[in-house]
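Here are a few friendly notes to read alongside the model. Take them one at a time, and keep the picture open while you do.

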Amino acid sequence: MAFSSRLGSIMRQTILQNSASSGQVPIASMLNAIRFMSSNKLFIGGLSYGTDDQSLKDAFSQFGDVVDARVITDRETGRSRGFGFVNFVEGESASSALSAMDGQELNGRNIRVSYATERAAAPRGSYNGGGSYNGGGGY
């Protein structure tokens, strides 16, 4: 029952967002919404440079059991890159956290929360120097 309720709300949200902007509902966006329903991993963007793993975990643990929370740091300087990931035990907790925390303030900055998307692997031995922003974080 919870699954069908969640499915219905995500479908409605997707339809409303896409129909308002283009008048049509692309099938791909509906499928993406369904695909992320079972995701337990969230991408957190716009983090303050003062946010560390523990403070990120503390901020999100109110929504459920957090497996791990990780702020991504620069390899050379060790400084935060301004984004991270939070992994929950249950998808329902991740969904609640996304709804409640997206756009909220954390350590003086408004954060962006979305479901993490799997990053496409680059061919071994090659350097993919180009960058692109697709709106979600890869892991």
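1. Let's begin with contacts across the chain. Among the contacts in the protein chain with a separation of 6 or more, 55% are between residues 24 or more positions apart. Please keep in mind that this is a predicted model.

2. Next, the parts list. The protein chain has four helices and six strands, and from the N terminus on they follow the order α-α-β-α-β-β-α-β-β-β.

3. Now find the sheet. Four strands form an open sheet in the order E2-E3-E1-E6, and their pairing is antiparallel. Strand E2 (66–73) and strand E6 (112–115) are at the edges with a single partner strand each, so one side of each has no neighbour in the sheet. On average, neighbouring strands here are turned by 20 degrees against each other, direction ignored.

4. Zoom in on one pair. How many bridges join strand E1 to strand E3? There are five, between residues 41–45 and residues 80–88, and the two strands run antiparallel. Lys41 stands opposite Asn87 in E3.

5. Then look at the helices on the sheet. H4 packs on it, touching E1, E3 and E6, and the direction of H4 makes about 150 degrees with that of E6. Helix H3 (residues 53–60) lies across E1, E2, E3 and E6, running at about 135 degrees to E2.

6. Stay with H4, residues 91–101. Its buried residues are Gly91, Ser93, Ala94, Ser95, Ala97, Leu98 and Met101. Just after H4, Gly103 takes a positive phi of about 85 degrees.

7. Finally, the surface. Of the 139 residues of the protein chain, 33% count as buried. The chain exposes about 9,100 Å², with carbon and sulfur atoms supplying 48% of it.

Technical notes. Residues numbered from 1 in each chain as written. Predicted model: local features only at pLDDT ≥ 70, side-chain atom pairs only at ≥ 80, totals over all residues. Heavy atoms only, no water. Buried < 20%, exposed > 50% of the residue type's maximum accessible area, 1.4 Å probe, protein only. Pairing = 2+ DSSP bridges. Axes fitted to C-alpha atoms, helices over the stretch in contact; angles between N-to-C directions. Contact = heavy atoms within 4.5 Å. Areas by Shrake-Rupley, 256 points an atom, 1.4 Å probe, with all protein chains shown as cover.
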